[in-house]
Amino acid sequence: SGSSDDSSDSGGSSGDGNGSNGDGGNDDSDSSSDSSSDSDESDLEDESDSKDESDSEDAKRAQDNDSDAMDVDEPPASELKSLFGESKAKPSGGGLFGGPAAGDFKFTQMLGLEADEPSATAHMETDDHMRPVTGGARIAGPAERNLNANRLPMFFADTDSPMFKRPEPAFQRQKTEEELEAELEETRKDKIKEYKVLQRSALRKTRRLYESRSKSTNSNPAASGTHYDALTMREQRTTLFFSVQDQIGALDECLHALMAASVSMTRIESRPSKSAEPGYDFFVDIDASTKEVVQRAIEEIKRIKIVRDVRFVSNLGALPPAEGPAAQAMAGQQVPWFPRKISDLDTFAEKVLEMGEELSSDHPGASDPVYRRRRLAIVQKAKEYRTGQPLPRIEYTEQEKATWRQVYTRLREMYPKYACREFLHVFPLLEQNCAYGPDDIPQIEDISRFLKDCTGFTLRPVMGLLTPRDFLNSLAFRVFHSTQYIRHHSDPYYTPEPDCCHELLGHVPLFADPNFAELAQEIGLASLGASDEDIEKLATIFWFTAEFGLCREDTSIRAYGAGLLSSFGELEYALTEAPEKRSFEPSKTAIQKYPITQFQPVYFVADSFRDATSKLREFNTTMKRPFQVRYNPYTQSVEVLNSKDKVQHFARSISNEVQLLASALEQLQ
């Protein structure tokens, strides 16, 4: 890869050094070295003076060489120098054309000759001197023809030839990280589109198979193992979760496995996998009569090689038949799955709608690869968390702390003027007990312990936005899902999603207030097993209370919603005369439409947290759920009150509490 002059010199040297082997015995090969030409001419003159003597000596030497061809020695270094000229290689070089320091380098090695082949530069012994055999114009004798016949041909590129063209170096500009990210995003979108098409095709095919199978079975649902009655005939419904690799036909294989297990699928949901390997996560609801059927379905799916993980979450369990005319009138209603134990919340870890590690194009950090990698590392800890484990601690960077400092300082100055008294009472306690301050971001582990001591509420890390049903269900267990990543530093006063500033500054303080904690849990309990229509209403109520709620304090109005208390712009706007303010009525609030990307045109004002809770309980009685639930704080589980025995047991526990209350009142008197 040097210049053309260097290549020509190298090619010429190679031709000189191998002139003796030429083209496999060509006696007319030319030599490009001047010293070699002079030597050849002197040899011819000597031969012409004593032709007869040379012929006899040639014949004798031919016999000697034929009998012992391996006894040929290397010529002295001085003669090689006269033949080939000074070596241009570096003394320390160990390459093919090394200098004198290369040692006893054999030209048979350079030519690739076998061990039993004679040397390429054999010398001839005479009576008075040693004469090297070269491949010039001299007529080769029998021995030299024998050497040429055994040599391997060598070919050197003629760099001066017009046919020789060096390949041009293909220079390509290295793509930036933004371009690579864009290509990956386009590839991911194409994969998702392709997979959704295949998924819909597989679902249609599977439904046809199930329909054909159901026609051939008994029309009695109990006989076929399919349960259509959520209250009288249903024994157990299960949500299966499994992850598959990104491969064509993956879902089709899993659905055939369910069919082989003889289970009915009632719902399926898919999302791009959050794991390191590309793939998809599936949530499949099935109707199963016994645990053996569920286990058989899991074993069938596990046999598929592309499946990485399979687990299940049981639904209502063995619900006895509901009692009462109202329950019997709604006996055919399907009851959506809801968590029964606090450990069931682990199933929400990967069911994220958006954000988290994947950012929308309008997010301030969408084009920042460093910010995206940082969020991915934090989100991964939330994904791996399970109930009972210590909450993950995050070592925040100086840049993240600087962003927190700007938000914390600005909002801390506004709270005394705009926040409600319950918020102002708790916030100094967080500064004293949970390291709230402008210099560092508090850890959710410390905050969760503080809240548990105050009201029994705890925090749990989350990857991103949950579905309204999953988020509200967790409130029934007095669990709040909190993000741990922070907004992008380029715009510290804006975020299109919940981040740790919104969670820790907006939501957390009031979860330490008993009255607000009761209001939040009441919304969560009402969401358990609720219909999709009722979930939408409850989510709207949560929006206008816990997120953007206002309350009356004497003659003034203060803010208690987290969306207001974490946004200095809307916090100031909400308490002006610009927006409309209405009294909180759950039946009207539940159907109020609201914007997401701009300030609210309407706010609802509660007289107090207790008053809002009382009104919410009255509203919950109008919901179409055929049973009631209660939270057991001792077992951290939800009890379904759908039979007389359960209601009587609950009544006895209340009676004991009333007796304790009466005794306490007597002692006070």
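A residue counts as partly exposed when its relative accessible area falls between the buried limit of under 20% and the exposed limit of over 50%. Keep that in mind for the views below, which all come from a predicted model.

**View 1. A negative patch on the surface.** Here Glu 186, Asp 190, Glu 194 and Asp 246 come together as a patch of negative charge on the surface. Start with Glu 186, which you'll find in helix H7, the stretch covering residues 177-216. Its relative accessibility is 47%, so Glu 186 counts as partly exposed.

**View 2. Lys 341 meets Asp 344.** Now for some charge pairing. Side chains of opposite charge can pair when their charged atoms come close. The model holds 21 salt bridges by the rule used here, and this view picks out the one between the side chains of Lys 341 and Asp 344, at 3.7 Å from N to O.

**View 3. A bridge from helix H12 to helix H13.** Zoom in on Glu 400 and Arg 374, whose side chains form a salt bridge at 2.9 Å, N to O. Glu 400 belongs to helix H13 (residues 398-418) and Arg 374 to helix H12 (residues 369-384), so this pair ties together parts 26 residues apart in sequence. Glu 400 counts as buried because its relative accessibility is 9%. Arg 374, on the other hand, has 24% and counts as partly exposed.

**View 4. A helix tied to a loop.** Which residue does Arg 421 pair with in this close-up? Its partner is Asp 554, and the side chains meet in a salt bridge of 3.8 Å, N to O. Arg 421 sits in helix H14 (residues 421-433), while Asp 554 lies in the loop between strand E9 (550-553) and strand E10 (556-559), so the pair ties together parts that are 133 residues apart in sequence. As for cover, Arg 421 is partly exposed, with a relative accessible area of 44%. Asp 554 has 73% relative accessibility, so it counts as exposed.

**View 5. Three residues in one network.** To finish, have a look at Glu 518, Glu 522 and Arg 617. Salt bridges with shared partners join these three residues into one network.

Definitions and conventions:
Residues are numbered from 1 along each chain as its sequence is written. This is a predicted model: local features need pLDDT of at least 70, side-chain atom pairs count only at pLDDT 80 or more; totals for chains, interfaces and linings use all residues. Side-chain values use heavy atoms; hydrogens and water are left out. Patches are made of residues with over 30% relative accessible area and no salt bridge: like charges are joined within 9 Å, nonpolar side chains (Val, Leu, Ile, Met, Phe, Trp, Tyr) within 5 Å. Accessible areas come from the Shrake-Rupley method with a 1.4 Å probe; for residues, only the protein chains shown count as cover. A salt bridge is a side-chain nitrogen of Lys or Arg within 4 Å of a carboxyl oxygen of Asp or Glu. Lys and Arg count as positive and Asp and Glu as negative; His and the chain ends are not counted. The place of a charge is taken as NZ of Lys, CZ of Arg, CG of Asp or CD of Glu. Helices (H or I, at least four residues) and strands (E, at least two) are DSSP runs, numbered from the N terminus. Buried means under 20% relative accessible area, exposed over 50%, partly exposed in between (1.4 Å probe, protein chains only).
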